[in-house]
There are 2 protein chains.
Amino acid sequence: MEVSVLRIGHRFVRDDRVTTHVALVARALGCDRIFMNEVDKSIGLMMDEIIERWGGRHFNIEIIESWKSMIKQWKSKGGKIVHLTMYGLNIDEVIEDIRKCDKLLVAVGASKVPRELYQVSDFNVSIGNQPHSEIAALAICLDRIFSGRELTKQFGDAKLRIIPSPNEKKVLNNSRN
Amino acid sequence: MEVSVLRIGHRFVRDDRVTTHVALVARALGCDRIFMNEVDKSIGLMMDEIIERWGGRHFNIEIIESWKSMIKQWKSKGGKIVHLTMYGLNIDEVIEDIRKCDKLLVAVGASKVPRELYQVSDFNVSIGNQPHSEIAALAICLDRIFSGRELTKQFGDAKLRIIPSPNEKKVLNNSRN
C-alpha cells in the first residue's frame, strides 16, 4: 500500500513549524511522499538533513501549485483520498475500507478547509470530534492504516540507528564502518 | 486512570504553536491536566476559548516554575512518569505495564531533554525510533493508553457538539436551547 500526504492551506511563517512536523511524521510513520505548496526553504533543508542521517531517500517532498489539480490527477490514476477533519466519521468505523485502497492520499489542512475538499474526498474522517492538531490526527490515522507496524519501521539507508533502551540514548553509527 | 501531561523545554515564541497543539491534544484525547512553564498568554486564551465552546472545564493548565520539583512532588504522591523519547523502548512493549498505573504523567520535551529526565522517569518510551514530532508522539501514546476509547469521548459541558458525517459539517449548538 502506497500512502502519501497532502498538506493544504499552509500560511507562510505562521505554519512553518507545524508543516515541518507534518512532513516529519509523514516520513517517520511510513509514507512515501508529501505534497505541499511552496513553503519556507528551511522545511526542505531540515528534511534533507534528517534523511541524510536517519535514512529514507525514497521519501519525496513534491511542491505543487494547486491542490485541486493535484487531486484531479490523483483521482484520474485511481488514487483514493482520506481527508482528516473533526467533522468526519470516526476513523475506527471506516478503517477497514481505507485499508483496502492501494494508493492513498491523506489530506490535512492548516486553517479552514474549502468545502470542495469534503466533496472530492472518498473518506472524510475524524480522529475524535474535538478540535486539536492536524499533526496528531495524521499520526493516529497513519498508525491505524499501518496497524502499528510503522513504529518498528527501519530505514535501510540510515547512517544512524537507535537501539531502543529503557534508560539511555544508544545510537549505532553505520557511517563509521 | 488519571493522566496528565508535562511540557518541558518550551522556548518563547519559537515553540508557541507547537505547545498550543500539545495542550489541545492533551485536552481532546482524555487528559485531566497539562503542566508547563510560563508560556505566551495566547496559549491560555486559546485553550479558554476552546473549553468555553467545546467543553472540558475539568481540564487544567498548571503553570510551574521547575519541572524537577514538580516531578519530585508527583513521585512522592505515588504518580508514575512516562517520558516520550525516540531513544526509548517501543510503546507496544511496555503499554500493559503503563496501563496498570493509576496516576500517570506523560512528559514531552520541546528541544533537547536533560539526561535527568531519563533517570527519574519510570518509562522511557518511543513512538517509533525516528525523529518526528512530540505532538504526534503524545497523540499515539494517549491512544495506546486509552485503547482508542478517547476518540469517542464526549464533554458533558460542551456548547457545541459535532454529529460525525461522511460529507459535511454538522454541529449541534446546545447553547441555543
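**Entry 1: the model and the count**

I am working with a predicted model. I looked up the salt bridges first. The count over all chains is 26.

**Entry 2: D157(A) and R57(A)**

I found a salt bridge between D157(A) and R57(A). Their closest N and O atoms are 3.3 Å apart. Where do D157(A) and R57(A) lie? D157(A) is in the loop between α6 (134-145) and β7 (160-162) of chain A. R57(A) is in the loop between α2 (41-54) and β3 (60-63) of chain A. The pair therefore ties together parts that are 100 residues apart in sequence.

I also checked accessibility. D157(A) has a relative accessible area of 28%, so I noted it as partly exposed. R57(A) is partly exposed too, at 46%.

**Entry 3: D92(A) and R144(A)**

Next I looked up D92(A) and R144(A), whose side chains meet in a salt bridge with an N to O distance of 2.7 Å.

R144(A) is buried, at 11%.

**Entry 4: E134(B) and R7(B)**

I moved to chain B. E134(B) forms a salt bridge with R7(B), and the closest N and O atoms are 3.0 Å apart. Helix α6 (residues 134-145) of chain B holds E134(B), and strand β1 (residues 2-8) of chain B holds R7(B). This pair ties together parts that are 127 residues apart in sequence.

Both partners came out as buried. E134(B) has 12% relative accessibility. For R7(B) the value is 1%.

**Entry 5: a network**

I went back to chain A. Which residues do salt bridges with shared partners join into one network? They are E52(A), R57(A), D157(A) and K159(A).

**Entry 6: how the chains are related**

Last, I superposed chain A on chain B. A rotation of 180° does it, with 0.0 Å of shift along its axis and an RMSD of 0.0 Å. I wrote this down as the relation of a two-fold axis. In chain A, the C-alpha nearest the axis belongs to A136(A), at 2.3 Å from it.

I then compared the contact residues. Of those in chain A, 100% recur in chain B. The same surface serves both copies.

How values were computed:
Residues are numbered from 1 along each chain as its sequence is written. Chains are lettered from A and ligands numbered from 1 in the order in which they are written. This is a predicted model: local features need pLDDT of at least 70, side-chain atom pairs count only at pLDDT 80 or more; totals for chains, interfaces and linings use all residues. Side-chain values use heavy atoms; hydrogens and water are left out. A salt bridge is a side-chain nitrogen of Lys or Arg within 4 Å of a carboxyl oxygen of Asp or Glu. Helices (H or I, at least four residues) and strands (E, at least two) are DSSP runs, numbered from the N terminus. Buried means under 20% relative accessible area, exposed over 50%, partly exposed in between (1.4 Å probe, protein chains only). Copies are superposed by least squares on the C-alpha atoms of residues with pLDDT of at least 70 in both. Contact means heavy atoms within 4.5 Å.
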